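Open the model in your viewer and keep the selection tool at hand. This tour goes stop by stop: what to pick, then what is there.

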Amino acid sequence: MIFEEHLEFLSREALDDLQLARFKTQLSYVYNHIDFYRKSFDAAGFNPCDFKSLEDVKKLPFTTKQDLRDAYPNKMFGAKRDDIVRIHASSGTSGQASIVGYTQNDLHTWGRMVARAYALAGLSAQSTIQVSYGYGLFTGGLGAHFGAETLGATAVPMSTGNTKRQIQFLKDFEVDALACTPSYALVIAEHLEEMHIDKDELSLSRAILGGEPYTEEMRREIESALGIDCYDIYGLSEIMGPGVACECSEKHGKHIWEDEFYVEIIDPDTLEVLPDGSWGELVLTTLSRECSPVIRYRTRDISRIIPGVCACKRQHRRLDKLKGRSDDMLVIRGVNVYPSQIESVIQSFEEVSPFYQIVLYKEGPLDQISVELELSEGFALDEIKRIQKVSKRISDALRSNLQINVKVKIVESRSIERSEGKSRRIIDLRGE
Ligand code: DLL
């Protein structure tokens, strides 16, 4: 099923024209409705009337996470109180939360974007989608939910937790698709085994997973544990929530819905816009948002635009797998490492389970890194020689792939914390 054929299959030229027209309207809207933008445009000597072509984007100032935090609770809202029908917040764990608001039109757009994502994953009005993202201020639950209803599918609003009941519902309601974080999909798979339910007893055929980075290796692990096909969905509350970009059946990057979002990749140091194909920080502009429009928002997510056109023929450009967030990059004795690179290496060892934790600590003045791993079911922890061998092979693989020395520690089965939402995989003890 294709949800919005006319918009999903626009030619590149038509998409560019639509973006330009919408960009102009969004700029005068924010200039006239939001003090922050009026001041920042004035300070940059920019007037919305000066915006003649998409090239002019470069003249616009960026918006940062700090700008949104400073606007707490509603100083960046562009809509009148009467027209605001919902608020959400970003899931940041530190500092002031940033709040985003939605008008009816904003919610409608959001529902359509997520519905497109589901349709891309092969779902339709006949599908039953279990939503196992948290419902609340986090955009995952309600975003995935409204998308399912917009598609005309049946939404099962489970939220997170009570995993046994989740599995019971998957079975009893013959659920076709699961929407949750990859971490929670792993937990569900683990419980399935514990409950002695074979994956073939479920009707589940797909999962639409997002909200946190995960590697291809992790995707395959989930696919084989649940016997399903997994699709990646990306989004962030500051821009809308889930559904900003999502995978089609080609699974070669996530299509960014360019009729609604303008995308750039910049060098985070020089702030120069980089050509397609280069890795850098993702910057997004909303093109039709009413309550919380954002112009050139620096997401801190590191990715690249995959050059060329997708085999599915959609012209909406594709975002590659995220390397991580710029603030997640680890610098271990001068070597830059993203947690996803570590995940990729350890997931290729079948002797260890997909749950892991990275610990950063100091030995004297030097930064050290260790990875805690559990053995897979079927590999006994009492065979010390074997454990030593596995640890050494993993540590050698990490050294040869990433040029860093990582201490590998095999821990008791089930001792690593399981997550129902976004995993906290890095424990930083260096400041303690
Ligand atoms: O996580 C929205 C969302 C919910 C997206 C459910 C997809 C599914 P925030 O809590 O604001 O919003 O967190 C946004 O999560 O900037 C990325 O760093 C990360 N993220 C989200 N989806 C992906 C993904 C939601 N598919 C932040 N791959 C973003 C990698 C992701 N990272």
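Select Thr160. Leaving aside neighbours within four places in sequence, Thr160 is in contact with Ser132, Tyr133, Gly134, Gln166, Tyr184 and Glu420. Contact means heavy atoms within 4.5 Å. This is a predicted model: local features need pLDDT of at least 70, side-chain atom pairs count only at pLDDT 80 or more, and totals for chains, interfaces and linings use all residues. Residues are numbered from 1 along each chain as its sequence is written, and side-chain values use heavy atoms, with hydrogens and water left out.

Stay on Thr160. Its place is the loop between β4 (154-157) and α7 (163-172). Helices (H or I, at least four residues) and strands (E, at least two) are DSSP runs, numbered from the N terminus. Is Thr160 buried or partly exposed? Thr160 counts as partly exposed, at 29% relative accessibility. Buried means under 20% relative accessible area, exposed over 50%, and partly exposed in between (1.4 Å probe, protein chains only). Thr160 and Tyr184 are 24 residues apart in sequence, and their C-alpha atoms are 8.2 Å apart in space.

**Into helix α7**

Select Leu170. This residue is in helix α7. Leu170 is buried, with a relative accessible area of 1%. Show its surroundings: not counting residues up to four places away in sequence, Leu170 touches Gln130, Val175, Leu178, Ile188, Leu202 and Leu204. Leu170 and Ser159 are 11 residues apart in sequence, with 13 Å between their C-alpha atoms.

**Strand β3**

Select residues 128-131, which form strand β3, and pick out Thr128 there. Thr128 is buried, with a relative accessible area of 13%. Its contacts, beyond neighbours within four places in sequence, are Thr154, Val156, Phe173, Glu174, Val175, Asp176 and Ala177.

Next, select Ile129. Which residues does Ile129 touch, not counting those up to four places away in sequence? They are Tyr118, Leu123, Ala148, Leu151, Ala153, Thr154, Ala155, Val156, Val175, Ala177 and Ala179.

In soluble globular proteins, nonpolar side chains tend to be buried together.

Most residues other than glycine have a negative phi, and most peptide bonds are trans.

- Select Tyr72 and Pro73. A cis peptide bond joins them, with omega about -5°. Pro73 is in the loop between α4 (65-70) and β1 (84-89).
- Select Lys251. This residue is not a glycine, yet its phi is positive, about 50°. Lys251 lies in the loop between β8 (241-247) and β9 (254-256), and it is partly exposed at 24% relative accessibility.
- Select Arg414. Here too phi is positive, about 65°, and the residue is not a glycine. Arg414 lies in the loop between β20 (407-411) and β21 (426-428). Its relative accessible area is 36%, so Arg414 is partly exposed.

**Out to helix α3**

Select Arg38, in helix α3 (residues 35-43). Arg38 is partly exposed, with a relative accessible area of 34%. Leaving aside neighbours within four places in sequence, Arg38 is in contact with Tyr31 and Asn32.

**Zoom out**

Clear the selection and show the whole chain. How many helices and strands does the protein chain have? There are 11 helices and 21 strands. Of the 432 residues, 55% count as buried. The C-alpha atoms fill a box of roughly 70 × 55 × 40 Å along the principal axes. Among contacts with a separation of 6 or more, 66% are between residues 24 or more positions apart.
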